[in-house]
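Here is a walk through one chain, from its overall make-up to a feature on its surface. Keep the structure open as you read.

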Amino acid sequence: MRTPLVMTLGMVLAPCGLLLNLTSTLAPGWRLVKGFLNEPVDVVLYQGLWDMCREQSSRERECGQPDTEGYFAAEPVRVARGLMVTSLATTALGLLLASLGVRCWQEEPQFALAGLSGLVLFLAGLFSLIPVSWYNHFLADRAVLPAPASPVTVEVSYSLVLGYLGSCLLLLGGFSLALSFAPWCEECCHRCRKASSGSSRRPSISTVYVDWPQPALTPAIKYYSDGQHRPRPPELGATSKPKVGFPMPRPPPKSYTNPMDVLDGETPAVSEGASSRSTRPCHSSLPCDSDL
């Protein structure tokens, strides 16, 4: 059996969502802060869930920057840490269940297990979408997510975009795999209908069963053997009955026999001179060809 399209689509989208969410969780790029006073114009600060990196066009990126504003203690950051890790673990569990249900090595897919994996993946997408949306909602709120005062500006960075994309892919992949419940439910309903229709019905009280005697079957009157009709031979242990009727005459043979002697009156004739072979006298006991 070919793998259904919904299973194939779910198995493609779910790993992509896992990869994007993993990158979004580990990369320090949820928020971009720039425009610092007493700093070069090209200095930017990337803030993530676990680290902050300072980048300048003339220098390499420097990570492990100190948190002077209390950014990591903000509630959206702490909640995002827990929910993103939970989403990654749930996604791994969903992919394991999907691999067992979609059956790349079996003859028939397990629709119930594939549908369950779809629900798990859909839940993982919600776990990652909630912190990303919450963080984006309070992105410019310095009271919730601390940041230096103006003229410093804050912007959305690449990790937040990857988190959105990964969450959407997980939601789509989980929903696609959850559609595998449809064949499983249809099969269960068919079994229930078949079991209910095959159950024995109780007979009605007015039903009366009568055992009627079976009529005795008369034996065959004649058998046909050796070209003649003969009566059936008596069975073992049965009393012989007198024969009724008269015997049928045997038909005469159909071959032709000549009752007259064809050699009667034949006398040898003497002929002189040369004669044909057919006019010579016949001295054989068998008839000559001239007689025929």
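**The chain and its surface**

Of the 292 residues in the chain, 27% count as buried. The accessible surface comes to about 20800 Å². Carbon and sulfur atoms hold 62% of that area.

This is a predicted model, so confidence comes next. The mean pLDDT of the chain is 76. A value of 70 or more is reached by 66% of the residues. Helix α4, residues 158-178, has the highest confidence, at a mean of 92. Strand β6, residues 222-225, has the lowest, at 47.

Two stretches call for caution. Over residues 220-225, pLDDT stays under 50. The model gives this stretch 12 contacts beyond four places in sequence. Residues 269-278 also stay under 50 in pLDDT. Here the model has two contacts beyond four places in sequence.

Now the fold. The chain has five helices and seven strands. Along the sequence they follow the pattern α-β-β-β-β-α-α-β-α-α-β-β. Among contacts with a separation of 6 or more, 64% join residues 24 or more positions apart.

Which residues make it? They are F122, L123, L126, I130, F175 and L179. The patch covers about 520 Å². Helix α3, residues 111-137, supplies the largest share, with four residues. I130 lies in helix α3.

Notes:
Residues are numbered from 1 along each chain as its sequence is written. This is a predicted model: local features need pLDDT of at least 70, side-chain atom pairs count only at pLDDT 80 or more; totals for chains, interfaces and linings use all residues. Side-chain values use heavy atoms; hydrogens and water are left out. Patches are made of residues with over 30% relative accessible area and no salt bridge: like charges are joined within 9 Å, nonpolar side chains (Val, Leu, Ile, Met, Phe, Trp, Tyr) within 5 Å. Accessible areas come from the Shrake-Rupley method with a 1.4 Å probe; for residues, only the protein chains shown count as cover. A salt bridge is a side-chain nitrogen of Lys or Arg within 4 Å of a carboxyl oxygen of Asp or Glu. Helices (H or I, at least four residues) and strands (E, at least two) are DSSP runs, numbered from the N terminus. pLDDT is the predictor's confidence in each residue, from 0 to 100. Contact means heavy atoms within 4.5 Å. Buried means under 20% relative accessible area, exposed over 50%, partly exposed in between (1.4 Å probe, protein chains only).
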